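Biologist: Hey, can you walk me through this one? I'm new to reading folds.

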Amino acid sequence: MSRTDLKLSACTLTVHDLNEALGFYRDVLGFEVRDDDGSEGMRWVSVGPPSQPGARIVLESPGTDPGVSPADRQAIADLLAKGLLGRLVFLTDNCDAIFEHVEAAGAEVMQEPINQPEGVRDCAFLDPSGNMLRFTQP
């Protein structure tokens, strides 16, 4: 296998409330639910854009791994509360339309649409857990 054969299959995003996060990614962004699984009292949900059926964003609560200590779980929750854990960047063909839609849904605006020096137009929001989402239009 060469390095050019690598493709991203999934990434993990820590969220403080799975149901709230699921509502945002499914109902606001229009993502499909790929999996809704759990075991031993833990749950994780994966979602993804319909245009990328092979890509999954796994939404999980802080310290979902059963081997995480209570102190580490609290440290993760503290970082999440400060908005310091997750960041996703999405491509769009209409930054302004995405901005209007996500803002109307009540998401916290981090940056209104602007033209960047590198030739893209982008905007940014926080999801309900404080993860930054950037929408970029080439």
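Predicted model: local features only at pLDDT ≥ 70, side-chain atom pairs only at ≥ 80, totals over all residues.

Biologist: What do S6 and S7 form, and how many residues sit between them?

Modeller: They make a hairpin with five residues between them. In the turn, Gly 119 has a positive phi of about 95 degrees.

Biologist: What's the order of strands in the open sheet?

Modeller: There are four strands, ordered S5-S8-S7-S6, and the pairing is mixed. S5 (87-91) and S6 (108-115) are at the edges with a single partner strand each, so one side of each has no neighbour in the sheet.

Biologist: In which sense do S5 and S8 pair, parallel or antiparallel?

Modeller: Parallel, over five bridges. Leu 91 stands opposite Thr 136 in S8 there.

Biologist: And which strands does H3 touch?

Modeller: Helix H3 (residues 95-104) packs on the sheet and touches S6, S7 and S8. Its direction makes about 15 degrees with that of S7.

Biologist: Switching topic: how many residues are in the largest nonpolar core?

Modeller: It has 24 residues, and those with the most contacts inside it include Phe 24, Tyr 25 and Leu 133. Helix H1 (18-28) gives the most to this core, with six residues.

Biologist: What is Tyr 25 in contact with, beyond its neighbours within four places in sequence?

Modeller: Among them are Leu 13, Val 47, Leu 88 and Leu 133.

Methods. Residues numbered from 1 in each chain as written. Heavy atoms only, no water. Pairing = 2+ DSSP bridges. Helix = DSSP H or I, 4+ residues; strand = E, 2+ residues; numbered from the N terminus. Contact = heavy atoms within 4.5 Å. Axes fitted to C-alpha atoms, helices over the stretch in contact; angles between N-to-C directions. Core = buried A, V, L, I, M, F, W, Y, C linked by side-chain atoms within 4.5 Å. Buried < 20%, exposed > 50% of the residue type's maximum accessible area, 1.4 Å probe, protein only.
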